[in-house]
Amino acid sequence: MKEIKAIIRPVRLDDVREALMRTPGFPGMTVTHVEGCSAPGRHQPQNLKEELLDFSPKVRIEMVAADEYADTLYEALKQAATTGHVGDGLVWMSEVARCDYLWQPGG
């Protein structure tokens, strides 16, 4: 199993959702609205007020997928989330040692 996570622009969420729903093996996802700030060097706040307000809305996506679908889901998410501009966010994938569904199919 793989865990796929991403931090993306909120305006890309609908496109990401549509792309993932068309992708075989899509297990569903958790979406959280978060805030993020730029890495040092990309944007230098000009004053204290700007430094304290240097956060922008982002969306965090999380899902756990079977190994055979993980790479395809990862690429679909990445492609749908990318605009080509600084601030698009990031996507990463990690191994999952164990994962159990808390519901029983058909029951």
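**A quick tour of the chain**

Buried residues (under 20% relative accessible area, 1.4 Å probe, protein chains only) make up 27% of the 107 residues here. This is a predicted model, where local features need pLDDT of at least 70, side-chain atom pairs count only at pLDDT 80 or more, and totals for chains, interfaces and linings use all residues. Numbering starts from 1 along each chain as its sequence is written, and side-chain values use heavy atoms, with hydrogens and water left out.

**Layout**
- You'll find three helices and four strands, taken as DSSP runs (H or I, at least four residues, for helices; E, at least two, for strands) numbered from the N terminus.
- Starting at the N terminus, the order is β-α-β-α-β-α-β.
- Of the contacts (heavy atoms within 4.5 Å) between residues at least 6 apart in sequence, 77% link residues at least 24 apart.

- Setting aside neighbours within four places in sequence, Leu-20 contacts Phe-26, Met-29, Met-63, Leu-73, Ala-76 and Leu-77.

**Helix 3**
- Ala-70, Leu-73, Tyr-74, Ala-76, Leu-77, Ala-80 and Ala-81 are the buried residues in helix 3.
- The buried residues of helix 3 pack against strand 1, helix 1, strand 3 and strand 4 (89-95).

Technical notes: Buried means under 20% relative accessible area, exposed over 50%, partly exposed in between (1.4 Å probe, protein chains only).
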